[in-house]
Amino acid sequence: ILTAEQIAVSHFFSAFRTHHHHFIPFLSLCTVPIENSAEIFLLNPLTAMEHHIQHKNAVTVLSATIDDPTGYGRIIRNESGEFIKSVEHKDANEEELKSHEINSGMYVFNTWELSQALDKIQPNNAQGEYYLPDTLTILKDKGLRVDAFALESPEDINGVNDQKQLESAAEIIRRRKKECTL
C-alpha cells in the first residue's frame, strides 16, 4: 500500500483497513519495524498468541527487559505488576524512564478492536506522529483487557539487519539447539 504521507505505522494500518475492509481476521500478529525493517525471527509467535487467547486480551504487546533501554518505548506497570501503559522514550517522564522493560514493537491484536482504535489515535506526542502503541491506552480506556507479555529472553526480539547481526542470531540458535539436547 502506498500512502501519500508516511507518518507512522498506525497510518499504514489505517490505509490498509480502508483498502482491505473485508480482510478482518480474528487475530493479527503485528510486527513494527524497529530499525531498518529488521526481521525478527528468534521468537515463537505461538507463545504470544497462546498468552493472548488464554488471558482474553484485546491486545498483547510483547516486551523484554534489557540493560540499556535508551531510545526504546517503555512498558509501565503498577505495583502489582499489571500493565498500565506503553510510553515512547521521548514522551516518558523521569519516573517512566527508569523502567527497563521495553515495548518490542510486536503485538497480537483482536483485529476488530485494532480497527476501531486506529480511528482514535492522535499525534499528541513529542514526534507529532500517530503511534501504534497509543492503541493500547485507547483499548484499555474502553475497559478491554490489555497486557504486556514479558519474554523470557531479550534475545527473542533481536533483529537482523547486517552480517554481524546474522552471525549473532546464528550463534543464539546454535546455543539454544545445544541446550535442548542436553
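Start by selecting helix H3, residues 111-118, where Ser115 lies. The model is predicted, with local features requiring pLDDT of at least 70, side-chain atom pairs counting only at pLDDT 80 or more, and totals for chains, interfaces and linings using all residues. Residues are numbered from 1 along each chain as its sequence is written, and side-chain values use heavy atoms, with hydrogens and water left out.

Ser115 has a relative accessible area of 6% and so counts as buried (under 20% relative accessible area, with exposed over 50% and partly exposed in between; 1.4 Å probe, protein chains only). Show the side chain of Ser115 next: one of its polar atoms is 2.7 Å from the backbone oxygen of Trp112.

Now select strand S3, residues 59-65, which holds Ala64. Ala64 is buried, at a relative accessible area of 0%. Display what touches Ala64: apart from neighbours within four places in sequence, its contacts (heavy atoms within 4.5 Å) are His100, Glu101, Ile102, Pro154 and Ile157.

Zoom out to the whole protein chain. It has five helices and eight strands (DSSP runs numbered from the N terminus: helices are H or I with at least four residues, strands E with at least two). Colour by element and follow the order from the N terminus: α-β-β-α-β-β-β-β-α-α-β-β-α. Of the 182 residues, 42% are buried. Among contacts with a separation of 6 or more, 67% join residues 24 or more positions apart.

Terms used: Polar contact = N/O pair within 3.5 Å; in protein donor to acceptor, adjacent residues only side chain to side chain.
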